[in-house]
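The sequence and the structure are shown first.

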Amino acid sequence: MSIHEECGLFGIYDPKGDCARTAYYGLYALQHRGQEACGIAAINNRELSYHKDVGLVGEVFEPDTLDKLNGTMAVGHVRYATTGGGRRENAQPLTLNYVKGTLAVAHNGNLVNTKQLRTAFEYRGAIFQTTTDSELIAYAIAQERLRCASVEEAVCQAVKGLRGAYSLLVMSPQKLIALRDPWGFRPLCMGRRGDAVLFASESCALNAVGAEFVREVEPGEIVVVEGGQVTSIRENCENAASHLCIFEYIYFARPDSVLCGQSVHQARRNAGRLLAQACPVEADVVIGVPDSGLDAAMGYAEESGIPYGVGLVKNRYIGRTFITPGQQSREQAVRIKLGPLKSCVEGRRVVMIDDSIVRGTTSRQIVTLLREAGATEIHMRSSAPPFIAPCHFGTDIPDRENLIACRYSVEEIRQLIGADSLGFLSLEDLHRIAPDAACGFCDGCFTGTYPLSCS
């Protein structure tokens with residue numbers, strides 16, 4: 001099993017218009033963060049229109065659909081269901097029509113007080129159309145807007161009742177608002193392209209649309225764009241303490257992104273180098289499991305002096321919708337998704353680098369594929385420490401009973417997956433992979449200790 005991505009956000013204000021098409025390209029660049037559903041909402045002459053559905057960006061949007069969404073503001077979202085399931089109505093952005101007008105909300109993250117909020121709203125007569133915590137956020141903003149003079153003031157008031165991870169884009173007929181929770185669990189950055197102002201979960205999406213990276217949205221900060229003017233509300237930044245999910249560097253983010261000043265590609269190479277120092281082995285070739293294991297494999301090869309090779313080829317045309325329930329189907333899916341390159345591994349001692357080991361089933365299947373291709377030895381290395389706890393902030397990491405490291409020792413895991421040796425990145429080295437990052441980290445899934453209470 002692989003870790004599923006969270007969600008990806010993209011927003012733009014551009015007085016020249018055609019914002020939906022820009023959002024479309026931005027979402028394409030963020031497709032790795034969510035492959036279940038996507039959507040775009042746009043404002044044209046203060047009128048809100050939207051289109052969203054289950055599927056990949058290229059499947060959901062046709063050229064004529066984007067033409068109908070043309071406007072001077074747009075927010076887009078790609079979704080992986082961390083809460084609420086993969087139902088069509090849970091696709092985002094969420095849109096509201098209420099007494100003060102319209103709102104579109106796109107959310108990346110998970111709230112930890114969802115149950116309490118939902119119960120409180122239901123007792124006030126709220127009727128929910130989705131099963132997501134994102135709708136709770138939208139409802140909270142709409143309720144506060146009835147009492148506040150502006151939408152940004154409503155956002156400021158609404159977030160006081162939220163606990164957990166939320167990077168948000170909120171769009172009203174006149175304003176585009178971007179914000180992060182005070183812990184900064186999920187990334188969000190701002191860019192410029194001429195007179196346009198853009199926001200994205202990762203800097204790679206800004207690059208994809210020809211925009212210049214300006215800066216990160218800070219934990220607790222609320223950035224408001226109105227008529228091209230950008231203002232910052234920082235009252236929630238006073239007690240902010242950055243805890244960016246460290247798994248962004250290991251797995252989630254694209255390698256060409258920069259998070260908190262740290263190159264993701266370089267962080268993964270650093271992880272590989274540290275693995276080579278801590279877990280050396282005599283071998284003939286180092287290979288990575290596509291995609292997030294490749295950079296770490298390069299780092300391991302560079303540090304160890306063992307040649308780097310392409311030992312596994314990924315089928316680029318398979319999305320997560322291909323994978324069906326049942327062990328036999330999952331095993332077949334791995335064979336369809338990954339193919340061993342026999343010329344690289346046959347008759348050789350192989351070091352195989354993957355980003356992590358969750359249940360261990362996928363690792364065992366890949367080891368089997370390499371053995372069938374003729375590898376004489378397989379030494380597996382993980383560029384993350386063992387998972388010992390679930391994530392409560394927007395990553396689909398299972399409960400402890402489904403985590404192999406909670407039930408078995410490293411040696412037992414090695415035997416279960418069929419490798420000749422096994423090594424994990426240490427917790428100490430985990431915090432050394434991103435030396436240029438100007439932020440703190442959440443490592444709760446590796447330690448069981450979280451920045452805030454999850455109860």
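Predicted model: local features only at pLDDT ≥ 70, side-chain atom pairs only at ≥ 80, totals over all residues.

When neighbours within four places in sequence are left aside, the contacts of Val 286 include Ala 297, Tyr 300, Ala 301 and Ser 304. Ile 306, Pro 307, Tyr 308 and Gly 309 are also among them, as are Val 351 and Ile 353.

Arg 349 has Glu 377 of strand 21 as its bridge partner.

In soluble globular proteins, nonpolar side chains tend to be buried together. The largest nonpolar core of this model comprises 49 residues, and Phe 247, Tyr 249, Ile 433 and Phe 446 have the most contacts inside it. Among the elements that each supply at least two residues of this core are strand 14 (244–245), helix 8 (247–252), helix 10 (294–304), strand 20, strand 23 (441–442) and helix 16 (444–447). Helix 9 (264–278) is another such element, and the largest share of the core, six residues, comes from helix 9.

Phe 446 illustrates how parts of the chain meet. Leaving aside neighbours within four places in sequence, Phe 446 is in contact with Ile 246, Phe 247 and Ile 250, with the residues Ala 384, Pro 385, Pro 386, Phe 387 and Ile 388, and with Leu 427 and Leu 430. Another core, of 29 residues, lies apart from the largest one; Leu 103, Leu 117, Ile 137 and Val 151 are among its members.

Helix 4 (residues 114–123) packs against helix 5 (residues 133–145) at an angle of about 50 degrees, and their axes are 10 Å apart. Helix 4 is therefore oblique to helix 5. Their crossing is left-handed. Thr 114, Leu 117, Arg 118 and Phe 121 of helix 4 make the contact with Asp 133, Leu 136, Tyr 139, Ala 140 and Gln 143 of helix 5.

Helix 5 also packs with helix 6 (residues 151–158), at an angle of about 120 degrees and with the axes 8 Å apart. This angle makes helix 5 oblique to helix 6. The crossing of helix 5 and helix 6 is right-handed. Here Ala 140, Ile 141, Glu 144 and Arg 145 of helix 5 meet Val 151, Ala 154, Val 155, Gln 157 and Ala 158 of helix 6.

Six of the six residues of strand 8 (residues 175–180) are buried, so strand 8 is largely enclosed by the rest of the structure. Lys 175, Ile 177 and Leu 179 point one way, Leu 176, Ala 178 and Arg 180 point the other way, and all are buried.

Strand 7 (residues 167–171) pairs with strand 8 in the antiparallel sense over five bridges, with Ser 167 opposite Arg 180. A hairpin of three residues joins strand 7 to strand 8. Strand 8 also pairs with strand 12 (residues 222–226), again in the antiparallel sense over five bridges, and Ala 178 stands opposite Val 223.

Seven strands make up an open antiparallel sheet in the order 3-2-4-1-10-9-11. At its edges stand strand 3 (47–54) and strand 11 (212–216); each has a single partner strand, so one side of each is left without a neighbour in the sheet. The twist averages 15 degrees from one strand to the next.

Strand 9 (residues 189–193) and strand 10 (residues 196–200) run antiparallel and are joined by five bridges, with Arg 192 opposite Val 197. Helix 1 (residues 19–29) lies across strand 1 (7–13), strand 2 (37–44), strand 4 (73–79), strand 9 and strand 10. Helix 1 runs at about 150 degrees to strand 1.

Conventions: Residues numbered from 1 in each chain as written. Heavy atoms only, no water. Pairing = 2+ DSSP bridges. Helix = DSSP H or I, 4+ residues; strand = E, 2+ residues; numbered from the N terminus. Core = buried A, V, L, I, M, F, W, Y, C linked by side-chain atoms within 4.5 Å. Buried < 20%, exposed > 50% of the residue type's maximum accessible area, 1.4 Å probe, protein only. Contact = heavy atoms within 4.5 Å. Axes fitted to C-alpha atoms, helices over the stretch in contact; angles between N-to-C directions. Parallel < 35°, antiparallel > 145°, perpendicular 65-115°, else oblique. Left-handed = near helix turned anticlockwise from the far one by under 90°.
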